[in-house]
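Visitor: Hi! Could you walk me through this protein chain in plain words?
Guide: Happy to. Here it is.

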Amino acid sequence: MKRWDALDVLRGLTIILMLMNLTPGSWEHNYAFLEHAKWAGWTLIDMVAPAFLFCIGAAMPLSLERRSEKGDSRSTLLRHVLWRGILLVAIGFFLNLYPNFDFATVRIPGVLQRIGLCYMLTGVFMILTARLDGGRLYFRCKPLILAAAVILVTYWLLLYFVPVPGSGATGDDPVGSWPSVVDRAVIGVEHFFQHWPVDGKVVFDPEGILSTWPACFNVLVGALAGLAFTRGWFARPALSSMAAGAVMMLVSALLAGRYPFIKNIWTSTFALWSSGFALVALGVLMQVSQAPIVRPALWPARIFGENPLLAYILVFLAAPLIDAQWLGTPEAPTSVRNAGQAWFSQFVDPRAASLLFALCGIGLIFAVLLVCHRKRWILKL
């Protein structure tokens, strides 16, 4: 399949930023763009997960229609989408269990779990609403637009107009909002992400059940972008992508004063803003990624972009080794992370040291991915 280079680059940049956030030299010393907004608002790192979902959606029309051209039936494609989504959820749960395998306190939600669920929900919908012509499936645009609008509106109505049983209140706060209440009732706080407490208590999970619904909006917008690219709907696709994204961001910004951007419960304004951001970023990359000066600089992003799942898994598998205290002396043991942070801090300030440590880790992962690139080893589900 002829690859969509700008999409590969965008996917690669998102996974690189994600790894920078996951592998700092110090969790206490980070630049603001690598710190998630604690609740309302956004930073650059908050755009990473939505952009990755967008990239998944953008690739779906290309990959699924290609499989259909080779003879896969609608039922075969459905099985493929469901099986791939289940595997992503299973891998994400395994990485949460690793290395302690403590089922009593394991975090159940997660990034890969959300990706798998969103992929299944949107993929099944796309396949079921596709048109069959001559034995080949053609994805339709109108059902995707309608579904995206329904997701935004229904989630907005639920969050701000439907009172939560027991409290009689509506809203988007960490404790009493619908996503937090549902997650506490279904999953339980002992299985939440434990590092963002509110007033000393863990009350929500940033990848919970209900907030996965609006995250599907980002995948659908990506799928529409993928259809526009494969069908050649626009004479100037880069400009069209940037313009559409800018309009979405403008609309969401106008609404944000009343309905704020909140990634942790994926408010409708956040879904709209982050999808627009991804469209603008894709349009910019479509415009500049092939320029003779820019193309070589984006080569590492292409390597990460063709094997993002492997890069993500490697980070989680390496984390216990980074944090294990097997350096130093018996009286004062230390970890690779702490030792690296201390060493870099001799030369630069703590935030820069933390970033340099992360870049070293990314460099090691890049070396592995480069070998896989040359051997054509790509982890696919």
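Guide: First, a term: helices (H or I, at least four residues) and strands (E, at least two) are DSSP runs, numbered from the N terminus. This is a predicted model, in which local features need pLDDT of at least 70 and side-chain atom pairs count only at pLDDT 80 or more, while totals for chains, interfaces and linings use all residues. Residues are numbered from 1 along each chain as its sequence is written, and side-chain values use heavy atoms, with hydrogens and water left out.

Visitor: How many helices and strands are in the chain?
Guide: The chain has 14 helices and four strands.

Visitor: And what share of the residues is buried?
Guide: Of its 381 residues, 49% are buried. Buried means under 20% relative accessible area, exposed over 50%, and partly exposed in between (1.4 Å probe, protein chains only).

Visitor: Let's look at H14. What distance separates its end C-alpha atoms?
Guide: They are 38 Å apart. The expected span is 1.5 Å times one less than the number of residues.

Visitor: Which residues of H14 are buried?
Guide: Among them are Leu355, Phe357, Ile362, Phe366 and Leu369. The cover over the buried residues of H14 includes helices H1 (5-22), H11 (299-306), H12 (308-323) and H13 (336-344).

Visitor: New topic: which residues touch the most other members of the largest nonpolar core?
Guide: Ile15, Leu19, Phe54, Ile127, Phe217 and Phe304 do, in a core of 85 residues. Helix H2 (residues 48-69) gives the most to this core, with twelve residues. A nonpolar core is a set of buried Ala, Val, Leu, Ile, Met, Phe, Trp, Tyr and Cys residues joined through side-chain atoms within 4.5 Å.

Visitor: What does Ile15 touch?
Guide: Leaving out residues up to four places away in sequence, Ile15 touches Phe304, Pro308, Ala311 and Tyr312. Contact means heavy atoms within 4.5 Å.

Visitor: One last spot. Is Thr267 buried or exposed?
Guide: Thr267 is buried, with a relative accessible area of 1%. Thr267 lies in the loop between helix H8 (237-256) and helix H9 (268-288). Its contacts, not counting residues up to four places away in sequence, include Tyr155, Leu159 and Tyr160.
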